[in-house]
Amino acid sequence: MARLIALATDFGSQGIYTGQMHAVLLASNPDIAVVDLVNDLPAFQPQLGAYLLASMVPFLPQDALYVCVVDPGVGSDRAALVLKADGRWLVGPDNGILAVVARRAGASRWWRITWKPAKLSRSFHGRDLFAPVAAMLARGDPVPGEPIAEEQVIGINWPDDLAKIVYVDHFGNLITGFRSQTVSERQIVRIGGRSIPFARTFSDVPPGSAFWYSNSNGLVEIAVNQGRADQVFNLRPGDELEIPAR
Amino acid sequence: MARLIALATDFGSQGIYTGQMHAVLLASNPDIAVVDLVNDLPAFQPQLGAYLLASMVPFLPQDALYVCVVDPGVGSDRAALVLKADGRWLVGPDNGILAVVARRAGASRWWRITWKPAKLSRSFHGRDLFAPVAAMLARGDPVPGEPIAEEQVIGINWPDDLAKIVYVDHFGNLITGFRSQTVSERQIVRIGGRSIPFARTFSDVPPGSAFWYSNSNGLVEIAVNQGRADQVFNLRPGDELEIPAR
Amino acid sequence: MARLIALATDFGSQGIYTGQMHAVLLASNPDIAVVDLVNDLPAFQPQLGAYLLASMVPFLPQDALYVCVVDPGVGSDRAALVLKADGRWLVGPDNGILAVVARRAGASRWWRITWKPAKLSRSFHGRDLFAPVAAMLARGDPVPGEPIAEEQVIGINWPDDLAKIVYVDHFGNLITGFRSQTVSERQIVRIGGRSIPFARTFSDVPPGSAFWYSNSNGLVEIAVNQGRADQVFNLRPGDELEIPAR
């Protein structure tokens, strides 16, 4: 049973969707806490969210349960999945959003959700399907689905690290899909025709200087001290980068 | 007694007001959960929020309690109300924000709040008046007010459905005040000089195409697949539309 | 022991940081509630947040615990502090963010945090240092640090009131660092070459008119009825103002 349910979605920190998720989750499980891990994942691009999500999971409690919904295929026949990865439960659509967490786990098992709610809207499976399934799992109910082989899961063959901007944070910093443990501090990051050197942290460079560093979730991140890297470089989620060997 | 308190306000998902609401509600009732149902209702236009709110209530737990504050008249002598509608409690100013929920309820009762807090700011009755009253109701205390007749309530004679954009969601979709159950799939929506046909859902039209569909709260919603309808059509909350008979 | 933990940060209402704070706090203390008091404090300018924070504390429960992080010096050797002020616990960096609360308290005690987490990122001490220390204090553990004298704390000699915009709210209102109890209703506020008169509240002036009033946290605030003062006057946090004697 899980006490903490983390949302990782593109439903918006503002607006009308995230609150309905909370309400459904809390209605059935009075003793859980629902945390907005991230609700502004890039829309329509589950691959970007998948690499960001995988970087955040190690920093959350071991028994947290994740509801992960970036779902451009909602209303089509895309499958809905449950993943158990190193003891953690995750639910989400079969479009890769869960795949990178599984790739980095020591042990993972997958199910296709077969349960159907009494009322299923065409556009908000987060509320109508994934949240109720998460509530079942949080209560310790059996998985409402059938096991499937990992090879069938979309995204399971994606690369170990993704050479793209996966997220632009609140400060305008550009978070990449590259784990910094795979990169040397002597390597530079090439993006948008520029070459960005390493620095240890913000206070090591003058205001206005660009650098890459290992961010608080272990990813290569491009920042400008006391500035917004997204605006300085005019870059956004999905833009590609290179980290040449040295 | 209510376990879940839902906020429906224009106080902002960001900022300093919503958190003060949570703190006041939680201070007095340790066992409740406060959910941000929507905190970016259109400011100054309680009618728009009223139709959106009424569409969301059926999707929340039956025993949820609602604090609804879009309150351009705060500091004037507008009344403050409590509504019991089909067993649900709601509190808010007398400007129509609660009226549509009442119109759609099988049974509703109204009270004018007569209780006064020791400290009442001129601009934040959400924190100083409505949240404390909600906390009393959540605890099961008697209503701190006097019954009033429904005919006296502002907005109680508004139309069944509202032919306006009532909200622009996080994805740029245009939510109308029209319940889709009142509209046939063969009808078109006319807005800003354009005619928008029905589609079942996003994945049924090509990227970039506009359509209307029945949204997850049962309202007619205008969307552009993988685009922002608000920007494509340059429309905003309060803009009018037509749904001609066919 | 505290039941309610309030966040006052520049981590963003949107994004990936605030949720990680919630998760760390909830993981260790199942019975607490975490409230987002304000997560969009002006970045890089802890002085502005310090005056806003001090105005909000009196409106929260007496036993709330505060995690206050605007931290441009993260990763440098700036100290990390615990403050006990009139019975309330606060944690945050030594850059003045806590100083104004202390100045206005009847009694205050300070500690420098000496505890080190097993894993300390260079850029997110909110999650790695301040949240765990807050969790210890919420549980009633001893302060993990050593007492320091108040004279050593940055910001402790700042003025009683700050003649600057400290925050722009969700409605575009300009909140100043001046307590309205120190200003007479006959005084005008001068800012950006304009003179702004007092009004009691929004509904006392015509739509489009600018005025200053005593806001719901007791600060002088500049507003435009049904308009956005930040846009009308092109002003932002940090901009200076004058309130001449009369």
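Zero salt bridges are counted between chain A and chain B, a salt bridge being a Lys or Arg side-chain nitrogen within 4 Å of an Asp or Glu carboxyl oxygen. The model is predicted, so to speak with its limits: local features need pLDDT of at least 70, side-chain atom pairs count only at pLDDT 80 or more, and totals for chains, interfaces and linings use all residues. Residues are numbered from 1 along each chain as its sequence is written, chains are lettered from A in the order written, and side-chain values use heavy atoms, leaving out hydrogens and water.

**What touches what**
- Six residue pairs, both at pLDDT 80 or more, are in polar contact between chain A and chain B (N or O atoms within 3.5 Å, one able to donate a hydrogen and the other to accept it; sequence neighbours count only if both atoms are side-chain atoms).
- In contact terms (heavy atoms within 4.5 Å), 27 residues of chain A meet 31 residues of chain B.

**Buried area**
- The two chains bury about 2,400 Å² between them, 59% of it on carbon and sulfur atoms (accessible area, 1.4 Å probe, lost on being put together and summed over both).
- On the chain A side, A:Ile16, A:Tyr17 and A:Arg122 lose the most area to chain B, together 25% of what that side buries.
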